[in-house]
Amino acid sequence: YLQRNYNFKLPASPATASGQASNSIIKIVETRSGKAEGYILEVNTGRVYLQGDAAGLFYGLQTLIQLFPVNKNIKPATDTVRQTPYNGSLHLPGVKIQDYPRFAYRGMMLDVSRHFFPPAAIKEFIDMMVLYKFNRFHWHLTDDQGWRIEIKKYPRLQEIASTRKETIVGHHRRSTTYDGKPYGGYYTQDEVRDIVKYAAERNITIIPEIEMPGHSQAVLTAYPSFGNTKGPYEVRTTWGISKDVLNPVNDSVFTFLQDVLTEVIDLFPSQFIHIGGDECLKDRWKESAEVQRMIRRLGLKDEHALQSYFIQRMEKFVNSKGRSIIGWDEILEGGLAANATVMSWRGEEGGIAAAKQQHNVIMTPNTYLYFDYTQGQPSTEPLNAAAYLPLKTVYNYEPLPPSLTRTEQRYIKGVQGNIWTEFIPDQQMLDYMLWPRALALSEIAWAQPGKKNYDRFLRKLPLELSRMSYAGINFRIPEPIGLESKVVT
Ligand code: NAG
């Protein structure tokens, strides 16, 4: 970005800690001592000095980019149309910044099942994450409405489960309307590998999510024998939760999931693999005599315990491959799997309970960090999930619950914003829903306690939004201070 747009030469590689001089105005020194992902950036007359660990240097450069003027003739590297590089002189503010993140896990989740985002859009999403120092991309790859990753051993996943015959467009009284257009898409394994590499080069680990045992209607469409009924099933065309889930009595369900995870683990070097676990309706399990027999045979208390049995069995497999699982907070309900990390989404309760049980937690509460909820009066916003979540509420989120002791708080490894895409058909709408709320999240994730300040955040906002504007990134223009919408719910 700096080289292309400003003729600002970076050394070919960081000078070593032994102090080898670099050939340009910028001196970069890699150190292993300081804080993880931290850096020191100094800009003074004719000289830029940057020091940190590998990730820290990368983030120091992001900060440096932010010190450069936002100029409408200058397009960032993500833009496909190459603009003329900058040729004039420029002035950077003199600074000395010592900086490091508050949380090791600074994530964003994108749901590509309800709507599919092609590889180029995923890369642009990653580019924006980089600018604001996020380091985990949670890729929600499967759901009732579409399976989105090529699995060589089960070709019907990409052939059948990746496409729904149409999509709901509205509800009126008792009638539902559909668009009548088939909708689908999936990432080939080559595309996945390319994206994983692209992210890794930008200090972002991709955590893949394969949903189980619920949110699996697309799987059942391709492999009906994995369900509890005879079907037939179809890739879901409406939003909401499916009653049709995977059948734990059928051993080939576990074989299938293990085979899928084996390919997934080969593709994603991430230590953590997300196995879903949310919203598994228990209707089919309650109705099924064979499932009931299984519950009795295993001496389990109820269907929740059966779900835990399911997850624990999958955890053993994932652990045997040297990886660990993350699951949505429902995995607490029938007893936690031994080494599981819990993603607390139904508010903070799940995260609090998990931390008390000495399990690692990622906080992603829908009360603060669900970016599919509206940013203003729902009546004046584009159609989306009914809940209301304005910028200020997001900004003021504090991830460490005061009800936890200091020791328990250490299990909270970080935060993540979730973007579910039922009502987000394309990148334009995605960016609108993300920004500026994801900027607020980046401060929650990065800034040290006590350093956040909403008024200062709002003062800096126009500069960041103009940066996005020049980059062609959509965003929602926040209401003027004091005129934020007051929503009565
Ligand atoms: C939840 C579902 C998700 C859905 C979203 C909409 C989780 C973990 N599960 O009901 O599938 O898209 O909310 O806000 O969030």
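**Notebook: ligand shell, domains and some buried residues**

I sorted the shell around the ligand by residue class and got five nonpolar, one polar and five charged residues. I keep in mind that this is a predicted model.

**Entry 1, the ligand.** I listed the residues that surround the ligand. Charged ones come up as Arg114, Asp278, Glu279, Asp372 and Glu422. The list also holds His215, Trp328, Trp345, Tyr370, Tyr373 and Trp420. Next I looked up polar pairs. The side chain of Arg114 has an N or O atom 2.8 Å from an oxygen atom of the ligand. For Asp278, a polar side-chain atom sits 2.8 Å from a ligand nitrogen. Trp420 places a polar side-chain atom 3.4 Å from a ligand oxygen. I then checked the cover. The ligand alone exposes 370 Å², and the protein buries 87% of that.

His215 lies in the loop between S13 and H6. Its phi is near 50°, which is positive, and the residue is not glycine. Is His215 buried or exposed? I read a relative accessible area of 3% for His215, so it is buried.

I looked at Pro213, in the loop between strand S13 (205-212) and H6. The peptide bond from Met212 to Pro213 is cis, and its omega is near -20°. I found another cis bond from Gly231 to Pro232, with omega near -5°. Pro232 belongs to the loop between H6 and helix H7 (251-267).

I stayed with H6, which spans residues 217-222 and contains Thr221. Which backbone oxygen does the side chain of Thr221 reach at 2.8 Å? I found that of Gln217. The Thr221 side chain also reaches the backbone oxygen of Glu234, at 3.4 Å. Beyond four places in sequence, Thr221 touches Arg156, Ile160, Tyr233, Glu234 and Val235. Thr221 has a relative accessible area of 14%, so I count it as buried.

I placed Gln158 in helix H4, residues 156-161. Its side chain reaches the backbone oxygen of Ile151 at 3.1 Å. Setting aside residues up to four places away, I see Gln158 touching Ile149, Glu150, Ile151 and Tyr186. Gln158 is buried, at 10% relative accessible area.

I found Asn366 in the loop between strand S17 (361-363) and strand S18 (373-374). A polar atom of its side chain lies 3.1 Å from the backbone nitrogen of Gly347. Leaving out residues up to four places away, Asn366 touches Trp345, Arg346, Gly347, Tyr373 and Leu389. Why do I call Asn366 buried? Because its relative accessible area is 18% and the limit is under 20%. I also took a distance to Arg202, which is 164 residues away along the chain. The C-alpha atoms of Asn366 and Arg202 are 28 Å apart.

I looked up the loop between strand S1 (26-30) and strand S2 (39-44), where Glu37 lies. Phi of Glu37 is near 65°, positive in a residue other than glycine. At 11% relative accessibility, Glu37 is buried.

I noted domain 1 as 2-99 and domain 2 as 105-471. Their centres, taken over C-alpha atoms, are 34 Å apart.

Notes:
Residues numbered from 1 in each chain as written. Predicted model: local features only at pLDDT ≥ 70, side-chain atom pairs only at ≥ 80, totals over all residues. Heavy atoms only, no water. Near = heavy atom within 4 Å. Polar contact = N/O pair within 3.5 Å; in protein donor to acceptor, adjacent residues only side chain to side chain. Areas by Shrake-Rupley, 256 points an atom, 1.4 Å probe, with all protein chains shown as cover. Helix = DSSP H or I, 4+ residues; strand = E, 2+ residues; numbered from the N terminus. Buried < 20%, exposed > 50% of the residue type's maximum accessible area, 1.4 Å probe, protein only. Contact = heavy atoms within 4.5 Å. Domains from an automatic or database assignment.
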